[in-house]
Amino acid sequence: MDDPNPTLKRTRSSTRQAAAASALGKSSTSSNGATPAQSVSAAKSPSKRSKTSPTSTTSEKAPTSSRSTAYSSFPIHAVTVLGADSVSLGYGITNYVTHKIVEIAPSSTYVIATDTNIAALHLSTLVSSLNDAISSSSLSSRVLTYVASPGESVKTREIKIQIEDFMLLN
C-alpha cells in the first residue's frame, strides 16, 4: 500500500538520519540546504511557513525594503509598521542612524543617555559618528553624554530628574 504522504515519511527518515549524525557530531542538510528538522517543520505546515526563514511559523511577515546609502557600505532594510518605514535594520548602521537623526531632527544640542555597560562598548563610536554627521551638515550642534549606573534600579523618576537637570545645566 502506498504511503498517503511520502514527503512526510522521507522527512521523518531524514530526521532519524540527522539525529544519528548529530550523535556522531556530524552535520546533516538536505539538497535545499535545510536541516531535517526544518524540513519536518515545512512538511507539517507549509501554509504557515515564512518566506524569510524555513523554521519560522509566523503566517504574517512585515513588509521590508532595502536601500543603499552613502552612510553605510551595507544595505539598510526598512521595516514597514502601520504603513510607514519605522524600523531600520542593517549591519554597521551607526553612521546611517546618526545622519538620519541630524537630517530629520536638527538641533543645537544632542544628548546621549546610557549606562556604564553600554557606554564602554558603544559610546565613543556613537559620539564620533554623531559629530561626523553634524560636521557634514550645516548645523553647529554639540553632543552631550550622560552615563548612569546600569540596571533596572536606576530607571526611576529621580534619575530622569537628574538627567533633565544635567541637560538644563549644560
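Guide: A patch is made of residues with over 30% relative accessible area and no salt bridge, with like charges joined within 9 Å and nonpolar side chains (Val, Leu, Ile, Met, Phe, Trp, Tyr) joined within 5 Å. A salt bridge is a side-chain nitrogen of Lys or Arg within 4 Å of a carboxyl oxygen of Asp or Glu. Accessible areas come from the Shrake-Rupley method with a 1.4 Å probe, and for residues only the protein chains shown count as cover.

Visitor: What should I know about the model itself?

Guide: This is a predicted model, in which local features need pLDDT of at least 70 and side-chain atom pairs count only at pLDDT 80 or more, while totals for chains, interfaces and linings use all residues. Residues are numbered from 1 along each chain as its sequence is written, and side-chain values use heavy atoms, leaving out hydrogens and water.

Visitor: Which residues form the nonpolar patch on the surface?

Guide: Val81, Leu82, Val87 and Leu89 form that patch, with about 390 Å² of accessible area together. Val87 sits in strand β3, residues 84-89. Strands (E, at least two residues) and helices (H or I, at least four) are DSSP runs, numbered from the N terminus.

Visitor: Is Val87 exposed, partly exposed or buried?

Guide: Val87 is partly exposed, at a relative accessible area of 35%. Buried means under 20%, exposed over 50%, and partly exposed in between (1.4 Å probe, protein chains only).

Visitor: Now the inside. Which residues make up the largest nonpolar core?

Guide: There are ten: Val102, Tyr110, Ile112, Ala119, Leu123, Val127, Leu130, Ala133, Ile134 and Val143.

Visitor: Which residues are on the covered face of β4?

Guide: Tyr110, Ile112 and Thr114 are on the covered face, and Thr109, Val111, Ala113 and Asp115 are on the uncovered one. In a regular strand, side chains alternate between the two faces of the sheet.

Visitor: Why does Thr114 count as buried?

Guide: Because its relative accessibility is 17%. Leaving aside neighbours within four places in sequence, Thr114 is in contact (heavy atoms within 4.5 Å) with Ala119, Leu123, Tyr146, Val147 and Ala148.

Visitor: How many bridges join β4 to β5?

Guide: Seven, and β4 and β5 (residues 142-148) run parallel. Strands pair if DSSP finds at least two bridges between them. Ala113 stands opposite Tyr146 in β5.

Conventions:
Core = buried A, V, L, I, M, F, W, Y, C linked by side-chain atoms within 4.5 Å.
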